[in-house]
Amino acid sequence: MPSFTREAARNPFILKISLLAALGGLLFGYDTGVISGALLYIKKDLHAGDLAQSWIVAGLLVGAVFGALAGGRLADLISRRWTLLVSGLVYVVAALAAAFSQSSGQLVAARMVLGLAVGAASAVVPLYIAEHTPPKIRGGTVSYNQLMVTVGILVAYLVDFALRGIGSNWRWMLGLGALPGVFLVLGMLFVPYSPRWLMQRDRRDEAREVLRRTRGGEDYEEEITEIESVLSEERRAGLGALLRPSLRPMMVVGIGLAVIQQVVGVNTVVYFSPTILTYTGLHANDAIAQALSVGITNVVFTVIAVLLLDRVGRRVLLIVGTVGLTIALLTLAAFFAFHWQHSAPWVALVALVVFMASFAVGLGPGFWLMISEIFPLGVRGTAMAVCSVFNWAANFVVSYYFLQLVDAIGKAWTFSLYAVMGLIGIAFFVTKVPETKNRTLEQIERDLGAPSSPARASTRHRTA
């Protein structure tokens, strides 16, 4: 197999489209990372207790559930491109509103609006990139979205670190979040419509021109015919189509990936890593400084994943990565159970770094990539929106209850619970999740044990 970098270099137009669309990942990444440091100062300035802090973090996630639901529908109505542009505009306004909030309630409301933009972008970006990208480099290019999420988190950590010593620092931290929204709006002005959306609107010549540029000289007429065939089937299908016996195994895999990605506790690490580090005895400023290593690790290992996904495969990285993060969670549980804060305080930071590295090569990009691959083209947008809703809902539950769990059962049992979720995830990946690298839809359906649809059996659909 040619390497991802060599294949991608042959088609700079695809790289431009993918990177500009992946700016949508910055929305989630920056806001996820920045709240982790800002929260240490918000709770003092706005007198926010544990409940208020939980809602300040989770308010975005509530909005994201509804944003993900709306994103799939808007992507069909106004196009993927315009959905992302509108998401960027909403994000700019909401980020500024968050910065000027005068109470915890106002801040929670602003973050709920931020969530609408983040949720819509999260559902649409992988879909948009997958519909543009040839199968040979699909794994790497779709994962640009996750890479941008990690870049956004790292930038946010750097901003938190740089502003940690100034007055009203949390307002500057949140206000600078408007910039990722501006970048997304500008980026969407320079990318084409999805060829699939153009075909939905009977703009065949425009779709052919986009495919001519994205396929780099390869034949695309068969793909045009294939899209037409599937769209005619899609017009007869609604949300209920996802319950068809032939699609149920795919929905189980997609929803399972969505939930497991969150219940291992990743966003407690991202949202609360400075808070977790203060549990080891560090002061707020020192905790923010050490949290930088978590952000850097996230970016580095996501880059590694981008390079490996089309070579090693999705399933292998999912399993290996989840094994690694489960070991890290058990280490954190032991750290707090045996009170290593005084004898070996460095263990907590090492465990957080190993956790993030393992997540970044496996579940981080793996979930978003696989839900863009496992569903038939005719229901892909709807199915991805449903999986995104489950992902954001699980994110909300885990993030909202983290501080309450720590208060109720203690730090050691909280991380032990996440480790159990990791073990369940490993079993699920081994028994239920197929390898999608270089596989046709029929092969994936056979791996999932789904009966073949007569309509699809007559045409070999690509997974992209």
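I took a salt bridge to be a side-chain nitrogen of Lys or Arg within 4 Å of a carboxyl oxygen of Asp or Glu. The model is predicted, so I note that local features need pLDDT of at least 70 and side-chain atom pairs pLDDT 80 or more, whereas totals for chains, interfaces and linings use all residues. Residues are numbered from 1 along each chain as its sequence is written, and side-chain values use heavy atoms, without hydrogens and water.

**Entry 1: salt bridges**

I searched the whole structure and found nine salt bridges. In one of them, Glu-209 meets Arg-212 at 2.6 Å, N to O. I located both residues in helix 12, three residues apart, about one turn of the helix; helices are DSSP runs (H or I, at least four residues) numbered from the N terminus.

I then looked up burial, where buried is under 20% relative accessible area, exposed over 50% and partly exposed in between (1.4 Å probe, protein chains only). Glu-209, at 36% relative accessibility, counts as partly exposed, and Arg-212, at 42%, also counts as partly exposed.

**Entry 2: a distant pair**

I found Arg-314 and Glu-373 joined by a salt bridge of 2.5 Å, N to O. This pair links distant parts of the chain, with Arg-314 in helix 17 (residues 314-337) and Glu-373 in the loop between helix 19 and helix 20, 59 residues apart. Both Arg-314 and Glu-373 are buried. I also noted one network, in which salt bridges with shared partners join Asp-76, Arg-80, Glu-131 and Arg-196.

**Entry 3: helix 8**

I counted 14 of the 19 residues of helix 8 as buried, so helix 8 is largely enclosed by the rest of the structure.

Definitions and conventions
Helix = DSSP H or I, 4+ residues; strand = E, 2+ residues; numbered from the N terminus.
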